[in-house]
Amino acid sequence: MKKFDISILTAAVLLTGLAVIGVSQAKDSAAAHAGAVATVGNSTISQTALYEQMKKETGSKVLTDLIAMELCKQEAAAQGIKVTEQEIDAKIKPIKEKLKTPEKFQEYLQERNLDEKGLRERFGMLLLRDKLFDKAYPVTEEQIKEYYEKNKDKLEQTLEEARPQIKEKLQDRNRRKHADEWLEQMKKKYNVQIMDPILVEKEEK
């Protein structure tokens with residue numbers, strides 16, 4: 001089974017490219033040039049050739065991420081779980097404050113091939129995923145107390161003072177521990193089927 005990437009960010013990098021390539025090549029040279037992604041001397045490398053190579057090398061990984069994103073959306077809708085604009089703002093604000101100027105923030109976006117809308121969509125998906133996981137695998141009071149007893153010398157705080165920090169650490173641990181389990185449950189619930197034999201073969205390795 002392909003390991004579920006807890007970040008669910010890989011898909012955002014290739015989503016646009018994979019969505020639009022795979023277009024059939026026209027026979028005349030002008031149309032072929034228009035559909036090419038590169039030229040080498042008198043030859044062209046087509047979108048179809050690029051897509052097929054990408055599919056063989058990284059297709060199963062990207063597909064896993066795309067499926068995970070769609071499962072998050074559908075399960076969140078089923079449970080009535082939503083992410084507010086204010087919650088997304090709270091994630092982006094520290095980035096802007098750290099970078100200090102709008103110009104630096106734009107550089108940050110460009111380095112990631114994003115605009116601010118794309119960044120907001122990424123954080124929205126991550127927050128949605130976290131809400132789903134935290135509801136499915138909640139941190140218990142017993143876990144918080146156990147963690148505190150084991151680490152109170154390092155924490156140098158009372159239990160109540162350390163509680164938010166401990167809960168956040170345990171939530172992250174739960175997400176990583178149960179990510180694949182949750183994904184498999186959702187695949188069964190929503191009857192996920194992979195239609196391309198190449199991707200099915202890689203997905204099950």
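1. Let me begin with Thr64, which sits in helix H3 (residues 47–79); helices here are DSSP runs of H or I with at least four residues, strands are runs of E with at least two, and both are numbered from the N terminus. Thr64 counts as buried at 2% relative accessibility, where buried means under 20% relative accessible area, exposed over 50% and partly exposed in between, with a 1.4 Å probe and protein chains only. The side chain of Thr64 reaches the backbone oxygen of Ser60 at 2.9 Å.

2. A word on the basis of these notes. This is a predicted model, in which local features need pLDDT of at least 70 and side-chain atom pairs count only at pLDDT 80 or more, while totals for chains, interfaces and linings use all residues. Residues are numbered from 1 along each chain as its sequence is written, and side-chain values use heavy atoms, with hydrogens and water left out.

3. Now the aromatic rings. Rings of Phe, Tyr and Trp (its six-membered ring) pair if their centres lie within 6.5 Å; planes under 30 degrees apart count as stacked, over 60 as edge-to-face and the rest as tilted. The count by this rule is two aromatic pairs. In Phe105 and Tyr108 the ring centres are 6.2 Å apart and the planes at 15°, so this pair is stacked. These two residues are three apart in helix H5 (residues 102–111), a separation of about one helical turn. Both Phe105 and Tyr108 are buried.

4. For Phe133 and Trp182, the ring centres are 5.0 Å apart and the planes at 55°, so the pair is tilted. It links distant parts of the chain, with Phe133 in helix H6 (residues 116–136) and Trp182 in helix H8 (residues 159–189), 49 residues apart. Phe133 is buried at 1% relative accessibility, and Trp182 is buried with a relative accessible area of 2%.

Note on methods. A polar contact is a pair of N or O atoms within 3.5 Å; within protein, one must be able to donate a hydrogen and the other to accept it, and residues adjacent in sequence count only if both atoms are side-chain atoms.
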